[in-house]
Structures are given as structure tokens and as C-alpha cells.
Amino acid sequence: MKILKVLDEKLELSLCIVLMSLMTITIFIQVIMRYVMHNSLVWSEELARYLFIWLIYLGISYGAKIMKHIKIEAALGLFPSKARPMIILLGDVIFLGFSMFIAYTSFTVVQRQIVLGQASPAMHMPMWIIYAAPMVGFTLTSIRQTQTILYRINKFREGGEIDG
């Protein structure tokens with residue numbers, strides 16, 4: 001249970017920190033190689049790009065976990081205060097549906113990439129690993145969005161504020 005709790009609390013943040021650190025180190029090494037050693041690395045820009053892609057999709061999941069995705073507060077203010085909790089929940093459900101759709105669609109893309117066997121140009125990494133980023137990110141986002149919806153429903157039942 002402790003492992004599950006740590007994964008629930010720290011998974012996305014830990015992975016984002018590792019990916020950002022690796023990306024920064026890779027770019028730093030490339031700059032040193034280019035301007036100090038006068039020799040460029042062939043694979044560094046490609047690796048940094050792929051780390052950035054994974055960082056973005058895991059960051060979406062982290063944003064869903066901490067409930068900090070973009071909302072249009074002005075539009076929410078147009079609704080009566082009693083309807084706002086339902087509008088917030090409706091937005092969460094729509095985002096959950098979107099996340100599930102992207103996760104499923106990405107799964108089919110990853111399947112095709114595995115069959116094609118395409119590799120990246122510089123590192124010769126299987127491209128399905130890169131194409132798996134949206135699938136993993138939006139699957140985690142779907143889980144986090146489900147947790148958010150359940151949390152907000154419980155808060156609503158208790159009579160508390162659900163936006164936050």
C-alpha cells in the first residue's frame with residue numbers, strides 16, 4: 001500500500017523532474033561539445049526532443065492531478081453560483097472523455113508503429129517508444145481526471161467548495 005501511495009502522490013512529478021534534468025544535461029553537453037570541443041553530437045538534439053515530448057504528456061497528467069488545467073473563469077462567472085459546481089463537473093467529464101479518446105487513439109498509433117518497425121534517424125530508437133508518450137500521458141490523465149471527479153463529487157456532497 002505504501003508503494004501505491006507514493007506512486008499516487010509522486011509519480012508524474014518525479015518523472016517530470018527526471019526528464020527535465022536529463023533534457024537539460026543533454027543540451028548542456030551538446031553546447032559544450034559544439035562551442036568548446038568544436039564537435040557536435042549527432043544524437044543529442046533528437047534525445048532532447050524526445051525527452052521534451054514525454055515531459056509534455058506527463059505534465060498534462062500532473063496538471064490534472066493538481067487540478068490546475070486552464071479554465072475560463074470569466075465564462076464560469078456568467079453562470080449562477082448554484083450552477084457553477086455542475087459546470088465544473090461537466091468540464092471535468094468532458095476532459096475525461098477527451099483524455100480517454102486520445103489514449104485509445106494513441107494506442108492504435110503505437111500498435112501501427114510496432115508493426116512498421118520504424119526507428120529514429122540518429123539514435124535508431126524504435127519510434128513506437130516516442131509515439132507511446134500520448135498514450136501513457138493521457139492514460140494517466142484519465143486516471144487523474146477520474147480521481148478529480150470523485151474528489152469534487154465528495155466535496156459537493158459535503159457542501160464544500162469543489163473548485164480547488
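Helix α1 goes past α5 in a left-handed crossing. Keep in mind that this is a predicted model. The notes below take that helix pair, then the nonpolar cores.

**How α1 and α5 pack**

- The two helices span residues 2–35 (α1) and residues 127–158 (α5), and they pack at an angle of about 130 degrees with their axes 12 Å apart.
- That angle is why α1 counts as oblique to α5.
- On the α1 side, the contact is made by Leu 7, Asp 8, Leu 11 and Glu 12; on the α5 side, Leu 140, Arg 144 and Gln 147 meet them.
- Sort the residues of this contact by type and you get three nonpolar, one polar and three charged.

**The largest nonpolar core**

- This core has 13 residues, and the ones with the most contacts inside it are Leu 19, Met 23, Trp 54, Leu 55, Leu 58 and Ala 132.
- At least two of its residues come from each of α1, α2 (44–65) and α5.

**Zooming in on Met 23**

- What does Met 23 touch, leaving aside residues up to four places away in sequence? Its partners are Ala 48, Leu 51, Phe 52 and Leu 55.

**A separate core**

- Another core, of six residues, lies apart from the largest one.
- Its members include Leu 76, Leu 89, Leu 96 and Ile 149.

Notes. Residues are numbered from 1 along each chain as its sequence is written. This is a predicted model: local features need pLDDT of at least 70, side-chain atom pairs count only at pLDDT 80 or more; totals for chains, interfaces and linings use all residues. Side-chain values use heavy atoms; hydrogens and water are left out. Axes are lines fitted to C-alpha atoms, for helices over the stretch in contact, and angles run from 0 to 180 degrees between N-to-C directions. Helices (H or I, at least four residues) and strands (E, at least two) are DSSP runs, numbered from the N terminus. Angles under 35 degrees count as roughly parallel, over 145 as roughly antiparallel, 65 to 115 as roughly perpendicular and the rest as oblique. A crossing is left-handed if the near helix is turned anticlockwise from the far one by less than a right angle, and right-handed if clockwise. Contact means heavy atoms within 4.5 Å. Ala, Val, Leu, Ile, Met, Phe, Trp, Tyr, Cys and Pro count as nonpolar, Asp, Glu, Lys and Arg as charged, and the others, Gly among them, as polar. A nonpolar core is a set of buried Ala, Val, Leu, Ile, Met, Phe, Trp, Tyr and Cys residues joined through side-chain atoms within 4.5 Å. Buried means under 20% relative accessible area, exposed over 50%, partly exposed in between (1.4 Å probe, protein chains only).
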